[in-house]
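Colleague: Before we discuss the contact between the two parts of this chain, could you bring the model up?

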Amino acid sequence: MIPSRVACVVGARPNFMKVAPVYAALTRAGFATRLVHTGQHYDAKMSAVFFDDLGMPRPDAFLGVGSGDHAQQTAAILQKFDADVAEWQPDLVLVAGDVNSTIACALVAAKRNIAVGHIEAGLRSRDWTMPEEVNRVLTDACSDLLLTPSRDADDNLRAEGVADWRIHFVGNCMIDSLRTHLAHARALQTPQSLGLTAGHYAVATLHRPSNVDEPARLAQILAALGAVARDLPVLFPIHPRTQKRIEDAGLAVPRDVRLVEPMGYLQFLGTMADAQVLVTDSGGIQEETTALGVPCLTLRANTERPITVTEGTNVLLGLDPATIAPAVAAIRAGRSKQGRVPEGWDGHAADRVVETLRAGIRTLRED
Ligand code: UD1
């Protein structure tokens, strides 16, 4: 079938830059589109600013689910999105990434016999303790259309026995947003306005439960960033989850670390582009730094985005915070990885999503 009514779902910060180019390309191509925001992220700095920065219209529906534990949040999305789907009756629901909104909305559509497309399908960390890994595997299981960002994702799906007809390599939709907005982001001169010199600062972001939920570990990471900051300015735009953990545990952020509020998309993109190095546990930043050619140090034991290591500028540090300062020093001494940009990270992934839909899609129900 060729879908004509496509509901595009966003919920949490990393969804916006993946869905914006696809939603725009589908609308341009004449599909009837509906933009649904679950409200998983709701602070202006975690949500609204991204709509403005990415030039996305206000959502057609805002489900307002807010925060909660996984069960509460997922259940609220299930109920509210189900009602929205019943009313608007899409023939395809597009979800993106690996957040709770992704799996909840994919499940709603599958149970209503509506086709599901997953943007960023096939990524695997093989770490079943990560909530995102559970979300990835289950979302792929109920998606008819697996829209993959990289060839390793195709391999993962095939290794799980997924039929070839479900796998569609489209490339990286998030990098479409990066390419569209990079010049504007740079022109804002955000690092300069913060008193930083291009090429002479680090940016840190941390929010994964495995890094921030345990106070002793979080304290060690903050101390490691403090050690880096003695020689190189460290900018730390803080995720609300991390902020809350620091406050709850009564931890002190080292004086030399520049703590700032979460940044908008354009501000952050411009800041990342001119950084000497990123220290992160984010999935998206591993990919964006690879696209930008900026060194990235990832404080995780594994990554669902191995292409950023095999082809890009990412180095997986493991979990020991003591590795951060020496790894930054090595980069500053000129020993940084020279990466290349992976196939399909060319700014045209959303066009390939449109082509895939126009060619007509097969669904699991017909199989
Ligand atoms: C979610 C995603 C994670 C993604 C991250 C990006 C899941 C399971 N996790 O994690 O994969 O990398 O988003 O940010 O979906 N909060 C606010 N304001 C907001 C949103 C959240 O203050 O607008 C605070 C609340 O205290 C909330 C906590 O952050 O309880 C966690 O939010 P939640 O959406 O549950 O998960 P994230 O940690 O943001």
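Colleague: How many residue pairs in polar contact are counted between domain 1 and domain 2?

Modeller: The count is 8 residue pairs, both residues at pLDDT 80 or more, where a polar contact is a pair of N or O atoms within 3.5 Å, one able to donate a hydrogen and the other to accept it, and residues adjacent in sequence count only if both atoms are side-chain atoms. This is a predicted model, in which local features need pLDDT of at least 70 and side-chain atom pairs count only at pLDDT 80 or more, while totals for chains, interfaces and linings use all residues. Residues are numbered from 1 along each chain as its sequence is written, and side-chain values use heavy atoms, with hydrogens and water left out.

Colleague: Why is the pair R208 and E132 called a salt bridge?

Modeller: The term requires a side-chain nitrogen of Lys or Arg within 4 Å of a carboxyl oxygen of Asp or Glu; the side chains of R208 and E132 meet at 2.8 Å, N to O, so the pair qualifies. Between domain 1 and domain 2 the count is 5 salt bridges.

Colleague: What makes up the side of domain 1 that touches domain 2?

Modeller: Helices α1 (13–28), α2 (48–54) and α5 (131–141) each supply at least two residues, helices being DSSP runs of H or I with at least four residues. The largest share, 4 residues, comes from α2.

Colleague: How much area do domain 1 and domain 2 bury between them?

Modeller: They bury about 1700 Å², 55% of it on carbon and sulfur atoms, this being the accessible area (1.4 Å probe) lost on being put together, summed over both.

Technical notes. Buried area = accessible area lost by both parts, 1.4 Å probe.
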